[in-house]
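Look through the sequence and the structure below before reading on. The report then takes up selected parts one at a time.

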Amino acid sequence: MADEPVLEVSGLSVDYILDAGNVRAVDDVSFTVGRGEFLGIVGESGCGKSTLLFAVAQLLAPPAEVAAGSVMFGGNNLVGLTDGQLSAVRWRDMSVVMQSAMNALNPVKTIGAQFKDAMRAHGKVPDRDIAARSAEVLQMVGIDPVHLRSYPHQLSGGMRQRSMIAMALLFTPDLVIMDEPTSALDVVAQRSLMVQIKELQLAFGFAVVFVTHDMSLISHFSDRLMVMYAGQVDEIGATRTIFDRPLHPYTQGLLEAFPSIRGPRVPLKGIPGSPPDLARVPSGCRFRPRCPYAVDKCAEVAPDLYPLDEALVRCVRREDGSLVS
Amino acid sequence: MIYALRRLGFFLFTLWIALTLNFFLPRLMPGNPALAMMSKFHGELSPKAVNALEILFGVNTKESLLSQYFGYLHQILTGNFGTSLSQYPASVSSVIGSAIWWTFGLVGIATILAFALGTFLGIVSAWRRGSKLDSVVPPTFVIVSAVPYFWVAMVLVLIFGLTLHWFPSQGGYYVTTDSPGLNFIFFQDVINHAFLPAAALLITTIGTWILTMRNTMITTLAEDYVRMARAKGLPSRRIMFDYAARNAILPNLTGFAMSLGFVVSGAILIEYVFNYPGVGFMLLQAVSSEDYPLMQGLFLLITVAVLFAILVADVLTALLDPRTRTAR
Amino acid sequence: MAMPVSGVPTETPVSQAPELGSARAFGRIGRAVRLNRKATIGAVILGIFILIALFPFVIAHDSPTQDAYPAQLGISTAHLLGTNHYGQDLFAQLVYGTRNVLIIAFTVGLATTGIAVLIGVAGAYLGGTWDNSLNVVTDVLLVIPLFPLLIVIAAYAHGGTTPVLILAITLTSWSYTARQLRSQALTLRNRDFLEAARVRGERRLYIIVVEVIPTMTSLIVASFLTNALYAVLFASSLQFIGLGDPNTVSWGTTLYWAQNNAALQTGEPLWAIAPGALIAILGAAFALLNYAFDEIGNPALRPVRKTRKKGAQPVGRGQRG
């Protein structure tokens, strides 16, 4: 992979400051992303993955705040920098793709105008160059450059999403952060978008952090996988490793929850219960109320991430049933 | 295009309703008020004028209601609003004509100023959420907008007109010393006299613009495309105006249409307090002198003006929003 | 369809439970009013006015109409606001006038809101031609300038006694609220808990009365306040220009007599300013309550805590995380 990681997140915690008290939506999350690596982050709705993404990109807004931790990118800690200081890094080195392109694109400006805004914000570029680059990125994602003159509502859902990706690549950044860009699309469009993203990644060598709730989809494209639950990282490791040998009971539950097309027909197993209210987390392990293997120790000790074979797992119980001391 | 036509159709329909209301109201009231009015002015009117009034109010006529109605419509649509009774023998249209420019100038300028200033303050207030500006401005203007228009006018008259003598507190110009004409002295006089009424109108109406713009901006600022603009590293000013305000102002323009009714009420009351020779003042004078033809004519005029302004605002909104512009 | 990560449908993390029955809604409103400072101030002011209206004799010791005193006295302990041109005690006039004002405010507020609920919700639920016709009526009334219309009506009626004013204002002012209620009712039509009621086989009327209307409680209450405010403004304006009943004791009629006697110009400014100030205070009370309601109903508008960024001017600080 890489010598130096392109992104290094350490101990990042995000709080929502509410009248009733602070709620910790992201709890002590750490991970690295190597150059050109594709990291998938999966989790249920409300597990904090989107909040985590916004925290990394410094796009949080009140009442959310980074409470602790650092985000090392390009040699700087992004946490605590002002918007002015961040603008040097934004879009040139790190760009963002959001979930719904219909909401993420300014409805009263043409696609071309929005591309131009991004380019103008990072140095005086002559109009001709702007037009050329804009056409170039659109073609990279398979859209006719004539649509630079179109408004967002005039494009189809898939085209909108792809033009967002094109916009994210205007400066061929080192890192592209994507927040569920496929969730609003149908299955076929999803797949073709993922394939396109992967091709672009291989061609231009940027790293990708991809958040989704769709584990089956991401597993075909990611190099490493991070599973989040209730604001914490529960398991992290190479995709293949996690799929072949899921170690955390939650991950196991997830993988058992969807059927294999080619395998034998078995009844679907869900994970009973629902994720905890982050304002009132259970004592000890957060997954304990839903875990089929919970023992007494799980209620007393909140587990750390323990290295187990080639992955990190937040569970006191090893595969053979023995407990981590 | 179709949208504009549909709106136009709606407005014509509303106009027709207003005309019909004008027709039926005096006839519905117990003891046709027109009778009293006519007897008051009896003997002063020419037979033609009497006849026109009879058609307008359905007095002394043996015609059926329906034919009266069509006669009325015909009369109105040919621009004949009858003869003014208090300013006999001037026709209603000419009487209105003399007042219309005063109101137009006063209300037009004050409203545009209020809208522009209010919208700007609303944008800045929303942008600087949680700052001192934002904690002072909204509550202040919430209270100010609940204050009756005439009271603000009275306070201004008292303080700046009668006590401090900074501005005149009556009339449109010094009737005794000046005469209307295209000369500098006259203009200066007019502006002098219009200052306090305009200030009153501005103070009472600006609150609505500030508050609605602020609220729509706050909702807009929470949109993903604003967050996206931040992510792209765009400068704050560009985000505030180009991304947030341009979207937030769209529902505001529609709100502008709604508020016009209140601007009109304000204008009428303020003109009354200042004796400002505009359309509103004239309406109230017509009421007190029971000059019903004039009153009806003014009501129709005001209605048409408001409808026209709303139509303009609608068209503007459609033009500014590409989603309605492009035919789907 | 993408496979969800867990096989079991997850709960929405932030509680989005629909507002339940009326009693709960009022309870919540009461609590919210207590917590929101603006609302508390507004409620207190309103409460004081209500008490004054109910028990005017407790505060004012003179009769409002008795012109027993020498005219144009200044402020003194005997006459808190002095006397007017006719030798009547101004303070007493204003205190006794409160009742008329509040009666108008609450009656028109209730009636207008009631009509608006009927028309707005009916339009949303009946749909089709019913909805279209109701919409046209609503829109026309929305667009016709109301105050001039009221002037014309009152002029033909040769001045309105209080019941006439109430009737005229009620019949003309319901359209804005009806539109608001209709759009909220429309968005509610498809909410899950209503689907559940439909599936249970409940009749449409039941759904409308028992499920939908209680959900709209906060909007209905806010509309009531707005309508009451505008009723006060319209009514007192009409009285002020002489289209009310000049013999009623009310703030607007006091203003009328003041204007008639050129109070401002003849050195009796209090006669003109005081009633207007009272209207302004009452209006402010309604407006504060309403403003607080806006915040209650739309959490995005609530006061925002400043973030602790070092020397930063966070762009668009009003965003939600």
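## Confidence

This is a predicted model. The model has an ipTM of 0.85 and a pTM of 0.76.

For chain C, the mean pLDDT is 75, and 72% of the residues of this chain reach 70 or more. Two stretches of chain C fall below 50 in pLDDT: one is residues 1-20, and another is residues 306-321. Residues 1-20 of chain C have 43 contacts in the model beyond near neighbours in sequence. For residues 306-321 of chain C, the number of such contacts is 43.

## Chain B

Chain B has 13 helices and zero strands. Chain B has 328 residues, of which 47% count as buried. Among the contacts in chain B with a separation of 6 or more, 72% are between residues 24 or more positions apart.

One pair of helices in chain B can be followed in detail. The axes of helix H7 (residues 149-163) of chain B and helix H10 (residues 236-274) of chain B come within 8 Å and cross at roughly 35°. The crossing of H7(B) and H10(B) is right-handed. On the H7(B) side, the residues that meet H10(B) are B:Tyr149, B:Phe150, B:Ala153, B:Met154 and B:Val157. On the H10(B) side they are B:Ser265, B:Gly266, B:Leu269, B:Ile270, B:Val273 and B:Phe274. Sorted by class, this contact of H7(B) with H10(B) has nine nonpolar, two polar and no charged residues.

## Where chain C touches chain B

How many residues of each chain take part in the contact? Chain C gives 48 residues and chain B gives 55 residues. On the side of chain C that touches chain B, four helices of chain C each supply at least two residues: H5 (128-143), H6 (146-156), H11 (217-240) and H13 (269-297). H13(C) gives the most to this side, with 12 residues. The side of chain C that touches chain B is made up of 33 nonpolar, 10 polar and five charged residues.

## The two domains of chain A

Chain A is divided into domain 1 (7-93 + 173-275) and domain 2 (104-170). The C-alpha centres of domain 1 and domain 2 of chain A are 26 Å apart. In the contact between these domains of chain A, 12 residues of domain 1 meet 13 residues of domain 2. Helix H7 (residues 187-204) of chain A gives the most to the domain 1 side, with five residues. That side of domain 1 of chain A has nine nonpolar residues, two polar and one charged.

Most residues other than glycine have a negative phi. Chain A has residues with a positive value, including A:Trp91, with phi near 75°, and A:Ala230, with phi near 50°.

A:Trp91 is in the loop between helix H2 (83-86) and strand E6 (94-97) of chain A. A:Ala230 is in the loop between strand E9 (224-229) and strand E10 (232-238) of chain A.

How values were computed:
Residues numbered from 1 in each chain as written. Chains lettered and ligands numbered in written order. Predicted model: local features only at pLDDT ≥ 70, side-chain atom pairs only at ≥ 80, totals over all residues. Contact = placed C-beta atoms within 7 Å. Nonpolar A, V, L, I, M, F, W, Y, C, P; charged D, E, K, R; others polar. Domains from an automatic or database assignment. Axes fitted to C-alpha atoms, helices over the stretch in contact; angles between N-to-C directions. Left-handed = near helix turned anticlockwise from the far one by under 90°. pLDDT = per-residue confidence, 0-100. Buried ≥ 20, exposed ≤ 12 C-beta atoms within 10 Å, placed from the backbone.
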